[in-house]
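Me: Please walk me through this model in short questions and answers. I will look at the structure first.

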Amino acid sequence: MTHTIALTAPATWTPARVEAENTGERTLDQFLKGVERRALRMAELATNNRDEAQDLVQDAMFGFVRHYAAKPAADWAPLFYRVLDSRLNDWHRRRSVRSRWLQVWTRSDDEDDERDEIAQAPDSNDPGPLLRLAGSEAGQALNAALARLPLRQRQAFLLRVWEGFDVAATASTMRCSEGSVKTHLSRALAALRRQLEDHA
Amino acid sequence: MNKSELPEWTDQARSLLDESAQALDATTLSRLNRSRQAALAQRVPRRRAAWLLLPAGLVGACALLLAVGVWHARVPQTAPLASPSATVVSGSTVNVVDMDLIASGDDMEMMQDLDFYAWLDAQDQDDKG
């Protein structure tokens, strides 16, 4: 006798489906657990304030779970950082508007964009500015240098260097062209090198 | 620019950033944990509620069916009442006012003495007749 197994409709909450969902939830929990510390540091570098950084990360977590949790797990990292990047941009925009009323004259690091890129190009034979700094001093110097970078340059640096995203994924996360990512990263590397060398 | 095209000193920068992320204090980690749980929880209630609604609905339907069955069995199969608000249900006549009283659940003891009240009502009808 042959038995026909009736397939359950996708919309029905069977115990098997609940188990699958719980597994998915554990995976999501693990993913968020894996990125939350780096996300907080990223937000903290942008805001220079841990409380505000925590608020932004929480907001990003909520937005990510609400809108993108159903997406394939392989896409989660760029999507999460896209939400966080959006929150950081919003925060930065609000702060800019506020500070415009408070300060008559502010010098923006973005003005450095007109510098000669060839002169800023790194020397590949140079051991690098961080090697000249020891232990915790190197960490503090890098932290200070990163905090001084314009938001877009810092995001390009952190996503490419720290998160290990390629240019296309970084461009998708930052919602800009790949050319812009390369420009932001090049300027970030040059500015960091300059600031760290000044510190050494 | 591929990862391999990044300057070597960025490897050290990555290590320093990793160290800074690992060195977060317990209070910060606790708050991150709460944020994560809160974010995940916004998905859970809707799904669990959907799963729990099915048995809850079944239990409710069974209880209602049982109550109707018990009530129907207790209704006396007597002569029609002469009340203007009488309604015929399955061959027996039930006063709408009685239905309201039963449905309101104010006096469940009344249901237990339903035969007595039906007899009393019949007596009243006889006395008037």
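**Helices, burial and backbone**

Me: How far apart are the end C-alpha atoms of α3(A), and what span should its 27 residues have?
Reply: This is a predicted model. At 1.5 Å a residue, the 27 residues of α3(A) should span 39 Å. The distance between its end C-alpha atoms agrees, at 39 Å.

Me: Which residues of α3(A) are buried?
Reply: Helix α3 of chain A covers residues 76-102. Its buried residues are P78(A), F80(A), Y81(A), R82(A), V83(A), L84(A), D85(A), R87(A), L88(A) and W91(A).

Me: At what angle do the axes of α2(A) and α3(A) cross, and are the helices parallel or oblique?
Reply: Two packed helices are described by the angle and the distance between their axes. Here the axes of α2(A) and α3(A) come within 9 Å. They cross at roughly 130°.

Me: Is the crossing of α2(A) and α3(A) left-handed or right-handed?
Reply: The two axes come within 9 Å of each other. The crossing of α2(A) and α3(A) is right-handed.

Me: Which residues of α2(A) meet α3(A), and how many residues of the contact are nonpolar?
Reply: From α2(A) come L56(A), D59(A), A60(A), G63(A), F64(A) and Y68(A). They meet residues of α3(A) including W76(A), F80(A), R87(A) and W91(A). By class, the contact of α2(A) with α3(A) has 2 charged residues, 1 polar and 11 nonpolar.

Me: What span should α6(A) have, and how far apart are its end C-alpha atoms?
Reply: Helix α6 of chain A runs over residues 151-162. At 1.5 Å a residue, its 12 residues should span 16 Å. The distance between the end C-alpha atoms agrees with that, at 15 Å.

Me: How many of the 12 residues of α6(A) are buried?
Reply: α6(A) is mostly covered. Among its buried residues are L151(A), R152(A), F157(A), R160(A) and V161(A). The count for α6(A) is 11 of 12.

Me: Which residue with a positive phi follows α6(A)?
Reply: The phi in question is near 75°. The residue after α6(A) is G164(A).

Me: Where does N48(A) lie, and is N48(A) buried or exposed?
Reply: N48(A) is not a glycine, yet its phi is positive, about 60°. N48(A) sits in the loop between α1 (15-47) and α2 (50-68) of chain A. A residue with 12 or fewer C-beta neighbours counts as exposed. N48(A) has 9 inside 10 Å, so N48(A) is exposed.

Me: What is the phi of R175(A), and how many other C-beta atoms lie within 10 Å?
Reply: R175(A) is found in the loop between α7 (167-174) and α8 of chain A. Its phi is positive, near 50°, in a residue other than glycine. R175(A) is exposed, because the number of other C-beta atoms within 10 Å is 11.

Me: Why is L185(A) buried?
Reply: L185(A) lies in helix α8 (residues 178-199) of chain A. A residue is buried with 20 or more other C-beta atoms within 10 Å. L185(A) is buried because its number is 23.

Me: What share of chain A is buried, and what share of chain B?
Reply: Chain A has 8 helices and 0 strands, while chain B has 6 helices and 2 strands. Of the 200 residues in chain A, 35% are buried. Of the 129 residues in chain B, the buried share is 9%.

Notes
Residues numbered from 1 in each chain as written. Chains lettered and ligands numbered in written order. Predicted model: local features only at pLDDT ≥ 70, side-chain atom pairs only at ≥ 80, totals over all residues. Helix = DSSP H or I, 4+ residues; strand = E, 2+ residues; numbered from the N terminus. Axes fitted to C-alpha atoms, helices over the stretch in contact; angles between N-to-C directions. Left-handed = near helix turned anticlockwise from the far one by under 90°. Contact = placed C-beta atoms within 7 Å. Nonpolar A, V, L, I, M, F, W, Y, C, P; charged D, E, K, R; others polar. Expected span 1.5 Å × (residues − 1).
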